[in-house]
Structure formats: structure tokens, C-alpha cells
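Please keep the sequence and the model side by side while reading.

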Amino acid sequence: MKSKPLLLTNIGQLLTLRSTATSPRRGTSLSDLAISENAAVLCLGGKIVSVGSTKEALRDPWLKKNRKKVTEIDCCGQVVLPGFVDSHTHPVFAGPRLVDFEKRIAGASYEEIAEAGGGIRSSIDGVRRASKPGLTNRVLAALDDLAKHGTTTVEAKSGYGLSFESETKSLEAILDAAKQWPGTVVPTFLGAHAVPPELRGRSQEYVDIVCQQMMPAVAKRKLARFADVFCDRGAFSADEAEQIFHAADQHGLSLRAHMGQLGETRLEPFLRYNPASLDHMDYVNDADLPTLAMSDTIATFVPGANYFLGLTRYPRARQFIEAGVAVALATDYNPGSSPTLSMPMVMSLACTHMKMSPAEAITAATINGAWALRIADRKGSIEPGKDADLAVFDVRDYREIAYWFGANHCALTILNGVAHSPPTG
Ligand code: NIG
Ligand code: FE
């Protein structure tokens, strides 16, 4: 998609998140948004080329000469921040799970529903039956909706096919949708999401298929950058998850995992593989926090899942932050536990239920999300040389982004230099 030269002026608060750090943000640096007031940003060729005051920008000799070629966007005092990096989504599914939703309202738990054949397994049929173009369209619709809420980079997992054919079809659908979307998509192979119904009770057999058949093909055809595994009670055991990590490592896929959503798994054996991120982290042994803090592995919280499953317990973000763990936030967009595409909603939950400050939530949703995908060299902050990924919010103070929950105040998103929707302000 072709980007045009863009100049954003009169930005009330520009949250640059610039820093000289070469590692993920932790501790007090999570609160450092590096805000400029009355600022401007110039984007050329899909990159940010300069960041400064509106006055300085308008005096730039190149700009003076080329003014006609540049589309100017007057932000009228609005807030501009790096586009959100949503580092955990499951967008390849055929439809919502409304029966599960009603069952949970009536009192059944996520695990009870899964044991009775609902849960992840009930999304399998739809994906297996769906055509690739049908899935591509659904993924593209989700990407567009994410962009409307300020997201410019999305990690997208397979994981509702659970057969060689349907997992590769899912990853191809992600790649096809990515080509039609101006933002950036990072594909993840999640063959180890659940044991498929035809192999029920034979999970080792399925792990072997994932490691020996699916993983080599995914790596060879470059269908994914990451491999993921759902390691938890009722899903894959720590031993099986290690087999997945080992195979992924052998095939050159980077690693991430769902961990500690329903019960505790000790993290040490996994940290040895240097995963980019461990996600959910509701149940983590205190003794693992210092080891996690010493690593560059991000702990990614997905409080949309806690909210939607009606849980009162949320990840203990304060303890993680105080221990020096680098934390990120993501939507976990999926039909079973977190059908939301809104990073601002997730940030609001992180503030109200996990006691993260609005500034910490912004860092966790931008630069640390980029670290969780190992692309912080080009995403997550507004600095010359980085990709032109910006979100304009129709608010005066950045704290309002997490404050006004349940309504979308994103006025404009710029993805790799391409403006997504017309400004409303
Ligand atoms: O991240 N925990 C595993 N996977 C998803 C839920 C998937 C589903 O229920 O469809 C999650 O919450
Ligand atoms: Fe998930």
C-alpha cells in the first residue's frame, strides 16, 4: 500500500516514548512517556523522519519547498501516540461462541465448558469447513477493526484448525489478509492450542504431529515467525510444552507461550529457551519473578480474558513491575475468552483491576508490545527512522485513553505511513 508524505501538526500531547534504552522497559521507566507539547511529526515513505515543535516543522526548508506534496493533518490539540502493538490475538475463527457465553453466564467455568466439548474445540469445525478466502476476509475485518481502535501492529495466531491442512490454511489466511492491510502482521503457529477431538486422550501423539509434521512445514514455507503453545491445566503439560519449544527452536521459529492462565507452571525450564513473551501470567510462582526479571522475556497480561470470563482475580501487575519484570498488554482477541479488539479497553482494565497507571499501560501497549514481538527496533515509539505507526485520539490528556472505557475515541490511525480513517476532529 502506498504511503503519502504526511505532516501532523498542532498535536496537544505527543507521547513519543523515545529512549536510548536497548532493552524492554521495566520499573520506573514504564512511566516515562517522553511527552512533547504542541508538536509535529513528519512521515515520508512510511517512516518517521522528524519529530519536533509545530513551529520548527513548518520552518523546515525541505517542507517549505515540498509543501504541496505533503498532506497536512491539523490535530487541533489532540493526543498522538505510537500505534498500539497488539502482541497476542487469535483472529482465525469462523464465528462467535454464543452457547459458551450463555453457559458461563449460567455458572459453568471455562474449564467445565471445554471438558464438555465446548471451548476451543467448538471453534474447530467452523475453521475446518471454512474456505481460505472466507477466513482471510474474517481476519481482514478484524485487522480493520483493530486499526479503528488505534492498533497498527498485530500478532496473529493460528490454532483453531488443529490439523496439518487447517493449520496451514489458517496461517495462509493470516498472510493473505496481511497483504491487504497497511499495518504490520506477525504470524504465529499455535498448532499446540488443544488436542483435536479425533485424538482426544492421545495428546502425546498430537504433540508428535505438531513437532514432526506441522512445525517443519510451517518453518520451511515461512508461514510463521513464532511458535506458541497453550501450557496449562486441561491443555498441554509442561513436559509437552517443552517438546514444542525444543522443536520450534530446532526449526528456527522464535518462541512464545500461553502460561499460567488457569494454574501455575514453573517458568525456569522455559526461560532457558529465551522466549519473546509468556502470556496471561495469572498464576505465577513468586520465586519465578526474579528469574523472569533478569531475562528479556516479556510478561504479557491479557485482562480482557479475565473480564470476559467473569473472573475477579487479575494478574498481579504491581508485583511483576516491582520485581523488575518487563510487562506488556494485549487483547488476546479470540471467540472464547476475549472477544475484544480494543487496546484502550484492555488498558482501562489494567488500570482499574491491576492498578497499573495510565502511563504504564501506554508503555505496555506500545514499546513493550513491540519488544514482545522482537520488533522494537522499528515499532512502538515515535522516533526518526522508525515505522510511521501513529494513533490520534480525540482527547486532550493521554490519561483519558484508559479513562473513557467502552467508547472508541481513536480519531485516526496511521499504519506504515497510510492513514486508515478520515480524521473526525
Ligand atoms: O488465550 N488460553 C488459550 N487460548 C485462548 C482462548 C481460546 C479459546 O477459548 O478459544 C486464550 O484465552
Ligand atoms: Fe490467547
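Does C410 count as buried or exposed, and at what relative accessibility? C410 counts as buried, at 13% relative accessibility, where buried means under 20% relative accessible area, exposed over 50% and partly exposed in between, with a 1.4 Å probe and protein chains only.

## Basis of the model

This is a predicted model, in which local features need pLDDT of at least 70 and side-chain atom pairs count only at pLDDT 80 or more, while totals for chains, interfaces and linings use all residues. Residues are numbered from 1 along each chain as its sequence is written, chains are lettered from A and ligands numbered from 1 in the order in which they are written, and side-chain values use heavy atoms, without hydrogens and water.

## Cysteines

Searching the whole structure gives 0 disulfides, a disulfide being a pair of cysteine sulfur atoms within 2.5 Å. For C410, the closest cysteine sulfur is that of C75, which at 11 Å is too far for a bond. C231 is also buried, with a relative accessible area of 1%, and its sulfur lies 13 Å from the closest cysteine sulfur, in C211, again too far for a bond.
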